[in-house]
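Open the structure in your viewer and keep the selection tool ready.

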Amino acid sequence: MFRVLTSKPNAKMPLERSRHRGQDKIGMDLKEIDFKENIQHFGELKNLVIQYDLLVDKLIVKDVQLTASNDDQYFVFEDILYQVMLCFSRDTEILSVFNHSASNPVHAILKNKSAIVENTVIFPPSGIIPFHGFTMYAMPFCYMYENPIALYYTFRAFYLRYWFRLHEVSSHEQGILSLCLLFERLLQRYEPELWFRFKQVNIQPVRVVFKWLMRGFSGHLPPEQLLYLWDMILAYDSLEVLPILALAILSFRRDNLLQVETLQNVEVSETSPHPDIRGKVTSGTPGLGPRSSEDITKLIYGVSLEHFLLLALQMLCVSAFPDNLL
């Protein structure tokens, strides 16, 4: 783990150089965005949505309503998200993710048919059963593309390369379990006092940040900051950027968090300004104003995410991690 960040990169090295390496890799996935070849495929998916109703359609519609429709940053994209997410559920090319996944798609028996192999189908056709917050993996791309076809294939490429690992149980070093373990070890190493405080009051540290990690911080950062964070994931070609940012946020809130006694108090502490900059903060800081009780930009008032994350990366990359840590 952390093989990318333990190479002691030069802090002054232009981010573009690293970013291009990650973009070249995912560019292989994005080569599919050839409209001459894929407009037809996307049209076929739309026809399948019109012709056949699936049970998961209700889950998708409900999820879009609970996430994008209730968010003042994304509600205008509700219709395009319906298109993208419903088409995603019909796309059998998504099944390729199970070639390198620890999970397997759900199989079902055709109605009024005997339970034999010939009558068995994968449900839904994509093999992915949506859950609450699944739409959040696609929402930020609405700010990048007006064309739903480009949006769809970009979202699909990201999902096939990164996002599927955030909601499955596996031992992969980029999986959600490994990211949670990495967060806890970093917290224990760099914030031991905060670590022991959590243990003292019986708070599981992962519970504080798990929703951030599983959603890739989508829904917890404004779109412009979230896209920058995802650009960092591309630059390093690693999801390990997520637990690093989670650690940096808790480290920034350290003084407040050392006073909490319950998990509920942690959430309350997250919504109050940092004592060092309380005098500089007014409600609704431009560009960083709170959108919801879960908006973690409340934790970093007055600090741009770019500066915040780069400082965290530099702090953790000063020296290689000892072998017994990771």
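This tour of a predicted model moves from one selection to the next.

**The core.** Start with Phe155, Tyr159, Trp163 and Phe217. They have the most contacts inside the largest nonpolar core, which has 81 residues. Now select helix 9, residues 223–236. This helix gives the core its largest share, 9 residues. Colour domain 1 (36–165) and domain 2 (170–274 + 292–320) next. Each of them supplies at least three residues to this core.

**Two cysteines.** Pick Cys87: it is buried, at 2% relative accessible area. Cys142 is buried too, at 6%. Look for disulfides and you will find 0.

**A surface patch.** Select Leu59, Val106 and Ile129. Together they make a nonpolar surface patch of about 240 Å². Zoom in on Val106, in the loop between helix 4 (78–90) and strand 1 (107–109). Val106 is partly exposed, with a relative accessible area of 40%.

**Salt bridges.** The structure has 7 salt bridges. Show Asp237 and Arg161, whose closest N and O atoms are 3.1 Å apart. Asp237 sits in the loop between helix 9 and helix 10 (241–252), while Arg161 belongs to helix 5, 76 residues away in the chain. Asp237 is buried at 16%; Arg161 is partly exposed at 26%.

**A charged network.** Finish with Glu191, Glu193, Arg254 and Asp255, linked in a network of salt bridges. Arg254 pairs with Glu191 at 3.1 Å and with Asp255 at 3.7 Å. Of these residues, Glu191 is buried at 10%, whereas Asp255 is partly exposed at 37%.

How values were computed: Residues are numbered from 1 along each chain as its sequence is written. This is a predicted model: local features need pLDDT of at least 70, side-chain atom pairs count only at pLDDT 80 or more; totals for chains, interfaces and linings use all residues. Side-chain values use heavy atoms; hydrogens and water are left out. A disulfide is a pair of cysteine sulfur atoms within 2.5 Å. Buried means under 20% relative accessible area, exposed over 50%, partly exposed in between (1.4 Å probe, protein chains only). A nonpolar core is a set of buried Ala, Val, Leu, Ile, Met, Phe, Trp, Tyr and Cys residues joined through side-chain atoms within 4.5 Å. Helices (H or I, at least four residues) and strands (E, at least two) are DSSP runs, numbered from the N terminus. Domain bounds come from an automatic or database domain assignment. Patches are made of residues with over 30% relative accessible area and no salt bridge: like charges are joined within 9 Å, nonpolar side chains (Val, Leu, Ile, Met, Phe, Trp, Tyr) within 5 Å. Accessible areas come from the Shrake-Rupley method with a 1.4 Å probe; for residues, only the protein chains shown count as cover. A salt bridge is a side-chain nitrogen of Lys or Arg within 4 Å of a carboxyl oxygen of Asp or Glu.
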